[in-house]
Amino acid sequence: MEKTATVHSTFTLERSFKATPERVFAAFSEPASKRRWNYSGEKHEVLHHELDFRVGGGERSAMKLGPGLPVSGMTLTMDSVFEDIVQNERIVWAYRMAMDGRTFSASLATVELVKTSTGTDLFLTHQGAYYEGADGPEMRKGGWTELLEKLAKEVEKTVQSS
């Protein structure tokens, strides 16, 4: 049997925040907050972002990629559907990513929030299928690691300024 070109991968990232589960959940569910941490500091131009945070709703974005990348000037799109939402506890969504209209990956992501004595522990489980020309599992894991850093700054600065 010949090997397929699709690569499958699952990884879990854990992160502790000095913020309540309600605050961390809000950073995913409120459009302005989500846009700040998910798209802030990028060299890319955000062309479109919409968030319909409910089961059956979704998130859609498009970005023109900035200079310094092998894919500079291309448009990266992300389309997702929320499969399960438990207020302040869990978010599950399926999403696909495309470059200039060509889908290169499909994923299922789960975020679980656990209240602790110092704030919140977040567990992100990401299951992905990466097609020809995809970013691949290690780059996706690195991307999510960076996003969780930005999320920490978003939720912890809000706590400090309250």
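Trainee: What should I know about the numbering and the values before we start?

Mentor: Residues are numbered from 1 along each chain as its sequence is written, and side-chain values use heavy atoms, with hydrogens and water left out. Since this is a predicted model, local features need pLDDT of at least 70 and side-chain atom pairs count only at pLDDT 80 or more, while totals for chains, interfaces and linings use all residues.

Trainee: What makes a group of residues a nonpolar core, and how many residues has the largest one here?

Mentor: A nonpolar core is a set of buried Ala, Val, Leu, Ile, Met, Phe, Trp, Tyr and Cys residues joined through side-chain atoms within 4.5 Å, where buried means under 20% relative accessible area, exposed over 50% and partly exposed in between, using a 1.4 Å probe and protein chains only. The largest such core has 34 residues, and those with the most contacts inside it are Val24, Phe28, Trp93, Leu122, Leu124, Trp144 and Leu151. At least two residues of this core come from each of strand S1 (7–17), helix H1 (21–29), helix H2 (31–39), strand S4 (75–86), strand S5 (90–99), strand S6 (102–116), strand S7 (119–130) and helix H3 (137–161), and the largest share, six residues, is supplied by H3. The helices (H or I, at least four residues) and strands (E, at least two) are DSSP runs, numbered from the N terminus.

Trainee: Why are H1 and H2 called roughly perpendicular?

Mentor: They pack at an angle of about 85 degrees, with their axes 5 Å apart. Axes are lines fitted to C-alpha atoms, for helices over the stretch in contact, and angles run from 0 to 180 degrees between N-to-C directions. Angles under 35 degrees count as roughly parallel, over 145 as roughly antiparallel, 65 to 115 as roughly perpendicular and the rest as oblique, and H1 and H2 are therefore roughly perpendicular to each other.

Trainee: Which residues make that contact, and how do they divide?

Mentor: With contact meaning heavy atoms within 4.5 Å, H1 contributes Arg23, Ala26, Ala27, Phe28 and Ser29, and H2 contributes Pro31, Ser33, Lys34 and Trp37. These divide into five nonpolar, two polar and two charged residues, where Ala, Val, Leu, Ile, Met, Phe, Trp, Tyr, Cys and Pro count as nonpolar, Asp, Glu, Lys and Arg as charged, and the others, Gly among them, as polar.

Trainee: Why is H1 said to be largely enclosed by the rest of the structure?

Mentor: Eight of the nine residues of H1 are buried, so H1 is described in that way. The buried ones are Pro21, Arg23, Val24, Phe25, Ala26, Ala27, Phe28 and Ser29.

Trainee: Why is the pair of Trp93 and Trp144 called tilted?

Mentor: Their ring centres are 6.0 Å apart and their planes are at 55 degrees, so the pair is tilted. Trp93 lies in strand S5 and Trp144 in helix H3, so parts that are 51 residues apart in sequence are tied together. Both Trp93 and Trp144 are buried, and together with Phe28 and Trp37 they form one aromatic cluster.

Trainee: What makes the phi of Asn88 worth a remark?

Mentor: Most residues other than glycine have a negative phi. The phi of Asn88 is near 65 degrees, a positive value in a residue other than glycine. Asn88 lies in the loop between S4 and S5, and at 17% relative accessibility Asn88 counts as buried. Asp100, in the loop between S5 and S6, also has a positive phi, of about 50 degrees, although it is not a glycine; at 49% relative accessibility, Asp100 counts as partly exposed.

Terms used
Phe/Tyr/Trp six-rings, centres within 6.5 Å; stacked < 30°, edge-to-face > 60°.
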